[in-house]
Amino acid sequence: MSAAGLERVDPALVPSVLLANGASIPAIGMGTFGSDSVSADTVAAAVKDAAIMGYRHFDCAAVYGNEAHIGKALKGLMEGGLKRDELFITSKLWNDKHDEGDVVPAFEASLQALGLDYLDLYLIHWPFPNHHAPGVDVSARAGNAQPYLHEAYMKIWRKLESLVDAGLIRSIGTSNMSMAKLELLLRDARIKPAVNEMELHPHFQQPELCAYLRAHSIQPIAYSPLGSPGRPERDRTPEDSVDIEDPVIKAIAGRRGEHPAAVCLRWAIQRGQLPIPFSVSGRNLLSNLKAAVSASLSPEDMAAIEGIDRGCRLIKGQVFLWKEGQSWEDLWDMDGIIRS
Ligand SMILES: NC(=O)c1ccc[n+]([C@@H]2O[C@H](COP(=O)([O-])OP(=O)(O)OC[C@H]3O[C@@H](n4cnc5c(N)ncnc54)[C@H](OP(=O)(O)O)[C@@H]3O)[C@@H](O)[C@H]2O)c1
């Protein structure tokens, strides 16, 4: 129990993973996207509680609109004795800052809002420069929407590399990338991506992309690891399935006396992907962190979960499309061809 009355998991017991560049990252993090429904203050209060409970890895982003609030929480924690080098803090470049001249100022704004003097990880949030206002319908399109343009992406990547050179970022990475796009980046990058943050949960396992990442020493970070039950209405379609209601997950959870969410997280960690579940509930935050130190799933349980993959992508990204008549599949290069 901590001084704040919160039950704790010793962070030293939480496994960590070494990235290809030698940096160490805790095997579970806390997501900080309030899905347009949880206020910035509430998320920041949850970050504070989470750190007291033993979380050390926080997945932030400029577009979540709460970095300054989280920065205040981190400041309070560090004044209370938590050291900067015990934390692993990620932020992300949003799609409206893809112009070459906007990258460094956007990074500096996140760094300043978070009250830090370096970031552990900085990601390009989406490979498209297509911006949409928070909360808009999935049919909304940016006026100047564009497809993936590799030359433009590399101009941003070069800026990230320069921020690594300047000692302001420890690791850089991608998010929502396909194999086809990563292939080009790996060909042209001076500093290779250390991670790719991507949607991963039992009903959406992306085995080919995960194998590709492993083969290239890129660490997958698993977003929406519980199947994002709180995601905004605009990100729901009738064919979506619910991981934590899957009979296989529920049966394993029942046998272990755990919530199905804990099984999703245990599976993720054992599969070698780093889950970043979001929660603002103290009980859920603790249960999620405990999943990182709980007993291993048996090979039979792991195989049973492998068998429930439905290829069910929840965050389809429709708002990033760039012309009429497209479908969300055009964003993901499923046949290996980058759409233009
Ligand atoms: N890179 C990207 O493009 C991208 C995209 C999406 C998300 N992300 C990151 O990934 C993080 C996680 O994704 P997500 O928020 O979409 O989905 P998620 O973590 O799969 O699900 C979060 C939801 O699950 C509930 N929950 C959490 N723990 C639970 C538990 N133990 N039992 C039952 N319910 C539980 C939460 O509600 P309570 O608050 O009530 O617990 C919340 O509604 C985000 O916060 C963000 O940092 C990144």
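## Exercises on strands, helices and a ligand shell

Let's start with a pair: Asn196 in β8 is the bridge partner of Thr174. The model is a predicted one, where local features need pLDDT of at least 70 and side-chain atom pairs count only at pLDDT 80 or more, while totals for chains, interfaces and linings use all residues. Residues are numbered from 1 along each chain as its sequence is written.

**Exercise 1.** Find out in which sense β7 and β8 pair, and over how many bridges.

*Solution.* Strands are DSSP runs of E with at least two residues, and helices are runs of H or I with at least four, numbered from the N terminus. Two strands pair if DSSP finds at least two bridges between them. Strand β7 (residues 169-175) and β8 pair in the parallel sense over three bridges.

**Exercise 2.** Work out which residues of β8 point which way.

*Solution.* In a regular strand the side chains alternate between the two faces of the sheet. Val195, Glu197 and Glu199 point one way from β8, and Asn196 and Met198 the other way. Next, check burial: a residue is buried if 20 or more other C-beta atoms, placed from the backbone, lie within 10 Å of its own. In β8 (residues 195-199), five of five residues are buried.

**Exercise 3.** Identify the helix that gives the most to the shell around the ligand.

*Solution.* 29 residues surround the ligand, with Gly31, Leu226, Gly230, Phe278 and Ser279 the closest. Helix α9 (residues 282-291) gives the most, with three residues. Within α9, the buried residues include Leu285 and Asn288.

Key. Near = placed C-beta within 6 Å. Buried ≥ 20, exposed ≤ 12 C-beta atoms within 10 Å, placed from the backbone.
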